[in-house]
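Here is a short briefing on one protein chain. Look over the sequence and the structure first, then read on.

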Amino acid sequence: VTTDALLNMDTSDHQIELQKFEEEYYKLNRKGKVLERIELSRKVLDLYPRNYQWMLNLAYSLISYNATSEQIQYSQDHKFIEEAILLCERILEDCAIDGIRHGAVQILCYNYPQIGKEDEAIKLAGKMPDLYTCRESLLCHIYTGEKCLKQNQSNLMQMIDLCAGTLYAMAYR
């Protein structure tokens with residue numbers, strides 16, 4: 001007998017509820033409603049405190065409230081970066097899902113330098129796969145024909161986006 005059965009918990013109900021929350025999260029994301037995403041993520045984590053995907057959702061929302069000087073000040077006043085870092089550190093301690101862990105590493109690498117932990121960011125970045133062993137690169141060597149062409153096209157678009165972002169960062173740093 002599972003613990004869910006003993007506690008009369010139907011996981012399918014939880015999955016349906018989480019899916020509805022996810023749909024709401026992405027709707028708020030499309031509308032640029034960052035504070036509402038933060039509020040929703042906190043609500044979900046109150047209901048499901050060990051849901052690592054929602055910890056990551058909250059962390060992404062917290063670090064993305066920075067489009068204006070007013071938002072940056074609000075973020076600083078409410079310690080959004082510090083909260084995001086704590087969430088990501090918890091993910092790395094407890095979560096075994098690589099995709100979620102990689103998202104947490106990304107957030108930490110982007111934000112550790114802001115709080116004087118550049119060496120820790122470098123250590124984390126050093127543990128990540130290089131460009132040649134990422135999923136997208138490997139799929140190009142697996143697929144053939146039309147699938148291979150589509151993957152290569154997608155990779156090129158991502159590379160162009162990465163290059164544009166790098167040029168932007170270089171111009172404004």
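Leaving aside its neighbours within four places in sequence, which residues is N155 in contact with? They are E136, S137 and C140. The model is predicted. Its chain has ten helices and zero strands.

**The chain as a whole**
- Read along the sequence, the pattern is α-α-α-α-α-α-α-α-α-α.
- The C-alpha trace spans about 50 × 45 × 35 Å along its principal axes.
- The chain holds 173 residues, and buried residues make up 31% of them.
- Its accessible surface comes to about 12,200 Å². Carbon and sulfur atoms account for 56% of that surface.
- Among contacts with a separation of 6 or more, 44% join residues 24 or more positions apart.

**Helix α3 against helix α4**
- Helix α3 covers residues 34-47, and its axis comes within 9 Å of the axis of α4.
- The two axes cross at roughly 155°. That angle is over 145°, so α3 is roughly antiparallel to α4.
- The crossing of α3 and α4 is left-handed.
- On the α3 side, the contact is made by V34, R37, I38, L40, S41, R42, V44 and L45.
- On the α4 side, W54, M55, N57, L58, Y60, S61 and L62 take part.
- The residues of this α3 and α4 contact divide into ten nonpolar, three polar and two charged.

**Helix α4 against helix α6**
- Helix α4 covers residues 52-63 and helix α6 covers residues 80-94.
- Their axes come within 8 Å and cross at roughly 155°. Therefore α4 is roughly antiparallel to α6.
- α4 passes α6 in a left-handed crossing.
- From α4, the contact draws on Y52, M55, L56, L58, A59, L62 and I63.
- From α6, it draws on F80, I81, E83, A84, L87, C88, R90, I91 and D94.
- The residues of the contact of α4 with α6 divide into 13 nonpolar, no polar and three charged.

**Helix α4 in both contacts**
- M55, L58 and L62 of α4 are among the residues that meet α3.

**N155 in helix α10**
- N155 is found in helix α10, which covers residues 145-171.
- Is N155 buried or exposed? N155 counts as buried because its relative accessibility is 13%, under the 20% cut-off.

Technical notes. Residues numbered from 1 in each chain as written. Predicted model: local features only at pLDDT ≥ 70, side-chain atom pairs only at ≥ 80, totals over all residues. Heavy atoms only, no water. Axes fitted to C-alpha atoms, helices over the stretch in contact; angles between N-to-C directions. Helix = DSSP H or I, 4+ residues; strand = E, 2+ residues; numbered from the N terminus. Parallel < 35°, antiparallel > 145°, perpendicular 65-115°, else oblique. Left-handed = near helix turned anticlockwise from the far one by under 90°. Contact = heavy atoms within 4.5 Å. Nonpolar A, V, L, I, M, F, W, Y, C, P; charged D, E, K, R; others polar. Buried < 20%, exposed > 50% of the residue type's maximum accessible area, 1.4 Å probe, protein only. Areas by Shrake-Rupley, 256 points an atom, 1.4 Å probe, with all protein chains shown as cover.
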